[in-house]
Amino acid sequence: MPEEKNNPALGKPGDRWPGKPAPVVKTFAEVLREAAAGGPGRPGNLGPGRPNIFIGTLNIFAAPSRYLTSPLARHYGERYESKFRFAKTFFAIDLALLAAALVLLVADLALFVYPGKVRVPFAAEIAIEPKNPRNGEIVSLFITAKNYGGELLEPRLSLHLPETFRLIDFPSAYDSAANSLALGTMPAGASRKVAFRVLALAPADEGTETRANVIVSLSGSTRGQLAERTGAKEIIFDGSVFSVNASLPPQVLLGDEFELPVSFKNGAAVPLGPLKLSVCPSGALTLASGSEKCIEATRSLLGTGESISAPAYLAVAGDYGETAVKLAVLLGEGEETAPIFGQTLRTMVVDSGATVTLAIPGAIAPTAQKGTLPLLVGLKRLSVGLKAENAKIIWAPESGEEKILASLTSEELADFIQKRVWRTALALPLPVNENGARLFAEMSVVRSDGERLKVHSVPIRLPATLKVEFQATARYWSEEGEQLGRGPLPPRVGQKTEYWIFWNLAPIKEDLEAVTVSAKLPAGVSWTGKETSGVPGAGPVIYNSFNRTIRWSVGNIPRAAAEQGISAAFAVLALPGSDERGKEMTLVGPATVQLKTVSGAEASASAPSATTALPLDARAKGRGIVQ
Amino acid sequence: MPAGKGKKFIVFFVISFLLVTVCPWPAFAARAVKTTAPKTANFYLRWTLSDEEARALAKWDLVILDMEVQSNSPSAIRLMRQLNPSIVILAYITAAEIRSDAANLGEIAPLRRDLLAAIPDEWFLTAPDGGRRSFWSGTWIVNLTDRAPQVNGQRWNSYLPRFVKERVLASGLWDGVLYDNAWENISYFAGGPVDLNRDGRAEPAGDADRAWREGLKAIYRRTRELAPDSLVLENDGPLYAAEVNGLQFENFPNGGWSAVLARMSAAGREALAPKFVLVNANTANTGNRADFQKMRYGLGSAMLVDAYYGFDYGDQNHGQTWWYDEYEAALGRALAPASRVDGPAGKWNAGIWRRDFGAGLVIVNSGAAEKLVNLGADFERLHGDDDAERNDGVISSAASLPAADALLLLKPLGEVRGAAFPNGTFVRIFDAAGEVRRTGFFVKSSRFADSARLLTRVARGENREVIAAEGPRVRVFDENNRTLADFYPYGKNFRGAINIAAGDLDGDGGSELVTTEADSGGGRVSVFSLTGKKVREFRTFGDAYTGGAALAAGDLDGDGRAEIVVGAGPGGGPHLRIFDGAGQLLFPGFFAYAPKFRGGLSVAAGDLDGDGRAEIVVGAGPGGGPHVRVYNGKGKLKSEFFAREKTNTAGIEVGVADLEKDGKAEVLVFPR
C-alpha cells in the first residue's frame, strides 16, 4: 500500500508499533536466567513485572526463530543442562529408551498388520448348501475334517447349531445325544467329510439380513496332546419359507378399533412344533381387551402347509406417530423356545382432523312441567389425541350452562376405555328462547404435539319449551248462538240432552309428528257417533265402547297447520239419573293430550272434566243443574 | 147379454167418450194451485196501486184487488205477475151493493160509475114503501133476486155476471172474481122488510131469504158459465160453496173457532175445483200489526184446512202489506189431515191440533189454557225478528203453546245438497240479506275424510250424483252409490285441494263437473263429464298468475246454461271472473273486496230470490273477516253481511243451495 509505505506515521515496514520502542528479543536461556534471578519474568515481558503470556506468544510470531528450538534441545536444556553434571549421560539414556519404544511400537504394528501364518495340526471346515438358504429351508452342512499334523487319534466331531436349527439328517455314526461323531484315526494329511442336513430356522425381521453361525469342533490327540479346533460357518439367510398373512393399514386414527387377522403358514418341508404365534401391539396400539399385552395362538405341531391364526382386536389409543405390531413365531417350549419367524407391521397413527363425533342417543322431551330427565351421552368414537394434560367433556346448551362430565388427568387417560359413557341430568325445562336450543357435546383436548383441539358433536335440537294449551269445553250453543245441542236445557232426569264437546289445542309453532287426545265417558253419558275435526286428512274421533274411551289421533301436522290450532269435536248424549238431580253432571272425564314434534320433543297436557255447567256457553250459563 | 142391451151399452159408451173428450172443461192449467204451506192471501181493496205496493203484494200467493185497479193501475197488476208468475189475482166486486156516490167517482172508480149508471131504479132493493134499502153506509142494496122487475129483459143477477165478464175479466188482468155480499139472508142485512117484486108488499122473511139465496147462486152460476176459465169466489158465504171455487172467511174466528174450522173444512169439500178457501184474520180494526199471537192463530188454523191466509187491519181497512216470518216458513206439502192430539177430534173440538208437513208441522191451541205439547221429535222454531221470543230458532222436542195460539215448526236440516262443502264443518245458513235463515248444523259424511270437498248434485228436487274430492282424487257416485268416475284431475302426485262445482254448462239437461286447484295452478279450470272424461281446460287469469282459484257454476242469466264463476285464491287479489261453459270470458270481472286483499275468495252461485237467475255469493278467505257479498250476474252488489264476529279473520267458505226446497236458495257459510 503506497500510503503505508510513504506514511512516516506508520514507520518502516515491519514496525508494527510505530512510535513505540521495538521489542527486546531475548533467548530462552536468557529468560530462564532472568526468571531464576527474579528478573522480569517470562519471555514476552518487556520489562520488570509479571510475565505476559499473551505478549510472549505474540513475541513468538514476531521472532519465531528465537523461540522454536528442537524439542530435544529444549528437553535437554530444561531437564539436564542446568541441573546435573551427568546431564549428557541421562539425556543419552532417555534417547535410547525412546528409540526402543519406537522400535517396539513399529514391530507391534507390523505384526498386527501382517500376522504371520500360524501353523495348526488339524482343522474342520464347513460348507453349506444352499449358500444363502431361506429361513426354514433345509440346509446341507458339508463338514471336512483335515489333519495337518501327525496322526490324529480318536478324532471326534461336534456340531453346534443355533437353537432354532433342527437336525434333520446326520451320519449314522453320529451320536445325537452326545453330539459326537467319531471320525476314526486320521493319519497325517488325512481328511474326512461328513454331511448333516438341518432345518435352518432363524428369526428374521423384515428387510434385514439374518445370520446364524454353525460351529463345528474337532477334537483329537496328536503327539500325546489333546487338542481341539473349531470351525465356523456363517449362514446368511435370504428370505423365508414362512409367510404371515397380516397387514396393517398405512394409517390409523386415534381411537380406531379394528381386527388384525394374523395367520402364519408353515412353509417348511417338515412339521413344526410346538409352535406359538404371538401378536404383540406396541406403542399406540393395544389390544382392545386392554388386559393383555399380546395375543397368542399355539399349536403342538403345525404340519407342512398348515396355518395357525391369531386374530387380534386392536385399539389405537396412544400417541400420534409410528406404531407397530410385532408378530413372532416361536418354536419349542420352556427354555428351548426360540423365535423362528418375526415380522413387524407398522402403521402411522394420524390425526383424524375434524371428524370427531360425539353422539347423544336418546330423546329429550322437555315438558311444561318441572322435572329431571336422564340424559345419555354415548361416545361413539374418540378420535382425538389425548395427551398428558386433561381432557374435558363440556355440555354447552345455548343457555350458557356448562356441564363438565369428566376431567381426565394423564394418569386416568392411560386407562381410558373406549366408548365410555357419562351420565348427567338436566333440570327441565331449559330456559330457552322460542327458537329452541341446540345441545351438543364439546371435547377439548391437548394433543401430544401441544396443539389444542376442540371438537363438537352433531348437535341435537332442543325445541322451545312447548306451551301446550289444551282446552276441553262442552257446548249447547255455538259462539254465534247457533244451537248445537238437543234436548232439554237444563237437563232433566230421565230425558236425553245432547251436548257437543270441543277439544282445542292452541297454536303450536312446531311440525308435529303425532297428536293423541283421549278421555273417558262417565256413566250416564253415551256416544252419539257425531264427530268432526278441523285437521285436513285427520282420522275420526273414535269411541271404544268396551272401555268407554274416546280417542283421537292425528299424525304429520305441518307447522303451518299446527299454527292454526288443532281441534276436534264430538257429540255426547247425557241421560241424567235421579242421582244427578240437583247437581251438575259430568259429560266427559278429564282429557289428556300427548303430542310429539318432528324434532322428537314430547309434551302432554290435560284438561279437566267437561260438565253440564257449560261455563263458556254464554247462552246456556246457569242451566247446568239437572232438574 | 141380450143383443138389445148390448147396443145400448155401446151407444152409451160412445156418447160418454165424446162427452169426455170433446166437451170443453174449465182449463185452469195456466194457474197452478199452490200445494205447499203456508198459503198466503191478501185482501187489498185500495183502488190504486203503486209499483212499490205491487212489489210488496207480489210476495203473496193470492191477492184480492178492487176491480177499479184494472183501470187505475193495470201496470201494477202486470208487475205483480212478472214478479210472481204463480200469483192468483182476483177482482173484488160487490154482488149486492153499489156506492150511492158512484156517479161522482168516474175518474177513480169508472166501473162503479158505469155499474151505477146501468142499474135502473127497478133493480134497487126497496122497502114496501119504495125506499131503497142499505146495509153499508153510503151504499144501496141491489135486488139480485129473480123477483126483481126485468128491465130490458134482464135483471141484476144476469146483468152483473155479464158486466164482470165483459168489463172486468175481459181485461185479461184477473184470474177470477171475488163477489162480496154473499149474504145467506136478506132479511138481516136489509134491516127491515123488503119488497122484492115491487108490488108494494113485503115478502115474508123466509121467502125473501130463499129468493135472495137463489139470486146469488144465479150470479155465481152465470159468472161461471160466462167465464169458465176464471175463478169465482165469494166472501163469507159457506152456504154457496158448492156454487163457487171457494170463499173467504172474514174476521176469523167469527162464530167461534170450532164452527169456523167446520165451515172452512166443509167449504173445502164442497167448493168447485180448483178450490180456494181463504181466511182473513185481522186486528179488529185496531191496527196492531204486532199481535203476532192472533196472526199465528189464524195462520195455523188456516193451515189445518189448506186455506189461504191473510192478516190485516180489519173490515174497515183492507189495505196492508204486513209480512210475517211465518209466511216464509217453507213447510212443504201436507202429509196428512190435521188431527187433535189431546182429545177426540169430534167436529173440530177445541184443543191441541197438529198437522204435519213435509218439512215441519203446525200446532194450534184452540183450547182455553196453555199447554206443553210433546212433538215426538226435534223441531226447529223459525228464525225471525217479528216475535223473537217465539221465533228464536231453538230446536226442541216440546213446545209450550198458549191458548188461541199456534206455532209453525220446521224439521231441522241435516244435510247440504246442491252446494259444495268441506266435509266435517259447521254450516251456517243465511238469506240473501244476511239474516239467519235456519239453525246451523255439523255436516259430515262418514264415507269421506274430514275436509274432503263434497257436492251432492240435485236435479228436479231429487238427489243425484255425489261428487267427492279427496286430496288429488275425484270420485263421482250415482244415487245408488255406484261409482261413475274415479280419476285424478291433476295426477296422483298432486298435493293440494281441489275445488269442485257442477252445472249444466251446455244446456242439454245434464251436468258437467268443473274443477280447479285451490292453492296453485294459476286458475286453470278443467271441465269433465260426470264419468270423468275430460272435456276441456282453460285458464282464467293471466299467465303470470300462479295461485289457486275458487269456482262455482250457476245460470246467471237464466238462459238454461250455467256459467262458471272463478275467484282468485289466496295470494291473488280478490278478482272474480265469469266464463261460459266453453271457457269464453263473459265478464272481465271485478274485485269482490278491496284490491289489496290477498286472502283469496270463496265463490258460490245460486238463485237466492227465485227469479230464475243465479246470484254470485262471495266469501273472504283467511285474513279477511267473515264478510259475505252477494252480486248479481253482472257484478252489481246486491247485499253484504258478516256471517260471524267481525274480528274473526280465519276466513270463510260459502255455498248456495235451496236447502228448504222453496225455490229460493240460501247462503251457506262454512267457517275455516
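Biologist: How many bridges are there between β24(B) and β25(B), and in what sense do they pair?

Modeller: In this predicted model, β24(B) and β25(B) pair in the antiparallel sense over 4 bridges, where two strands pair if DSSP finds at least two bridges between them, and a strand is a DSSP run of E with at least two residues, numbered from the N terminus. One of the links is between Val474(B) and its bridge partner in β25(B), Phe487(B).

Biologist: What sits in the turn of that hairpin?

Modeller: The hairpin of β24(B) and β25(B) has 5 residues between its strands, and in the turn Asn481(B) has a positive phi of about 65 degrees.

Biologist: Before we go on, how should I read the numbering, and what does the prediction limit?

Modeller: Residues are numbered from 1 along each chain as its sequence is written, while chains are lettered from A and ligands numbered from 1 in the order in which they are written. Local features need a pLDDT of at least 70 and side-chain atom pairs count only at pLDDT 80 or more, whereas totals for chains, interfaces and linings use all residues.

Biologist: Changing topic, why is β21(B) described as largely enclosed?

Modeller: Strand β21(B), residues 436-443, has 6 of its 8 residues buried, so it is largely enclosed by the rest of the structure. It pairs with β20(B), residues 425-430, in the antiparallel sense over 5 bridges, and Val427(B) stands opposite Phe441(B). In the hairpin of these two strands, which has 5 residues between them, Gly434(B) takes a positive phi near 90 degrees.

Biologist: Where is the largest nonpolar core, and which residues touch the most other members?

Modeller: A nonpolar core here is a set of buried Ala, Val, Leu, Ile, Met, Phe, Trp, Tyr and Cys residues joined through C-beta atoms within 7 Å. The largest has 125 residues, and among those that touch the most other members are Val63(B), Leu90(B), Val142(B) and Tyr308(B). This core draws at least three residues from each of domain 1 (33-99 + 153-185 + 208-328) and domain 2 (339-410) of chain B, with domain bounds that come from an automatic or database domain assignment. A second, separate core of 75 residues includes Ala432(B), Leu551(B), Val630(B) and Val667(B).

Biologist: How much of chain B is buried overall?

Modeller: Of the 672 residues of chain B, 50% count as buried. Chain B has 39 strands and 10 helices, a helix being a DSSP run of H or I with at least four residues.

Biologist: Last one: how many residues of chains A and B are in contact, and of what class is the chain A side?

Modeller: Counting two residues as in contact if their C-beta atoms, placed from the backbone, lie within 7 Å, 11 residues of chain A are in contact with 14 residues of chain B. The side of chain A that touches chain B has 3 nonpolar, 4 polar and 4 charged residues, where Ala, Val, Leu, Ile, Met, Phe, Trp, Tyr, Cys and Pro count as nonpolar, Asp, Glu, Lys and Arg as charged, and the others, Gly among them, as polar.

Key: Buried ≥ 20, exposed ≤ 12 C-beta atoms within 10 Å, placed from the backbone.
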